[in-house]
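Thanks for making the time this morning.

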Amino acid sequence: DFQQLAVIRRMTEDLNLGVKIIGHPIIREQDGLAMSSRNTYLQEAEREAALSLSRALAMARTMVAEDEHDAEKLTVILQEFILSSPGTELDYISFVDQFTLQPVAEVDEGTVLALAVKINGRVRLIDNGYLLTA
């Protein structure tokens, strides 16, 4: 996930390992769900709830494109949206700096939205992405 990638990049830099860590965009299934071995644990109705993550990410991108950059406001709206899907339990919604992973108050080009949700208390799924593109 994005957080692990950022930590590994920082660690290799701090330790002067002389290697370049290359990230890769999330691969998504046809319906938009981020590919994960955990998806196999989802029943059909649960899969619909799981789609709230990728849909929330798309919603956030639209809102930011329409000039809403306040992370707190976006969090409230996304939380309401995700929790409107039956069986969802929010773990976190975080707007963070791409390098430091520190929370940000205002979304900009370096902001990543990170999401984690449990479906019916048994399958924990994550998703993340940039909200603005260059």
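Which residues does L131 touch, not counting residues up to four places away in sequence? Before I answer, please keep in mind that this is a predicted model, in which local features need pLDDT of at least 70 and side-chain atom pairs count only at pLDDT 80 or more, while totals for chains, interfaces and linings use all residues. Residues are numbered from 1 along each chain as its sequence is written, and side-chain values use heavy atoms, with hydrogens and water left out.

Now to the answer: L131 touches L57, A60, R61, V64, F95, V107, T111 and L113, where contact means heavy atoms within 4.5 Å. L131 also belongs to the largest nonpolar core, a group of 25 residues in which F95, L113 and L131 touch the most other members. The elements α2 (44-65), α3 (71-83), β1 (88-97), β2 (111-119) and β3 each supply at least two residues of this core, and the largest share, 9 residues, comes from α2. By nonpolar core I mean a set of buried Ala, Val, Leu, Ile, Met, Phe, Trp, Tyr and Cys residues joined through side-chain atoms within 4.5 Å. Buried here means under 20% relative accessible area, exposed means over 50%, and partly exposed lies in between, with a 1.4 Å probe and protein chains only. The element names refer to DSSP runs numbered from the N terminus, with helices being H or I of at least four residues and strands being E of at least two.

Let me turn to helix α3, where L74 lies. L74 has a relative accessible area of 0%, so it counts as buried. Leaving aside neighbours within four places in sequence, L74 is in contact with M63, V64, E68, H69, F95 and V107.

Next, the charged pairs. Side chains of opposite charge can pair when their charged atoms come close. The structure holds 7 salt bridges, each being a side-chain nitrogen of Lys or Arg within 4 Å of a carboxyl oxygen of Asp or Glu.

One of them joins D127 to R28, with the closest N and O atoms 2.7 Å apart. Because D127 lies in strand β3 and R28 in the loop between α1 and α2, this pair ties together parts that are 99 residues apart in sequence. D127 is buried, at 3% relative accessible area, whereas R28 is partly exposed, at 30%. The contacts of D127, again without residues up to four places away in sequence, are I26, R28, A34, L53, S54, L57, L113, A114 and L115.

A second salt bridge links E29 with R47, the closest N and O atoms being 2.6 Å apart. Since E29 sits in the loop between α1 and α2 and R47 in helix α2, the pair ties together parts that are 18 residues apart in sequence. Both ends are partly exposed, E29 with a relative accessible area of 25% and R47 with 22%.

Then there is R124, whose side chain meets that of D91 in a salt bridge of 2.7 Å, N to O. R124 lies in strand β3 and D91 in strand β1, so this pair ties together parts that are 33 residues apart in sequence. R124 is partly exposed, at 30% relative accessible area, and D91 is partly exposed too, at 39%. Finally for the charges, salt bridges that share partners join E29, D31 and R47 into one network.

I will finish with K20, in the loop between α1 and α2. Is K20 buried or exposed? At 71% relative accessibility, K20 counts as exposed, and its C-alpha atom is separated by 11 Å from that of R10, 10 residues away along the chain.
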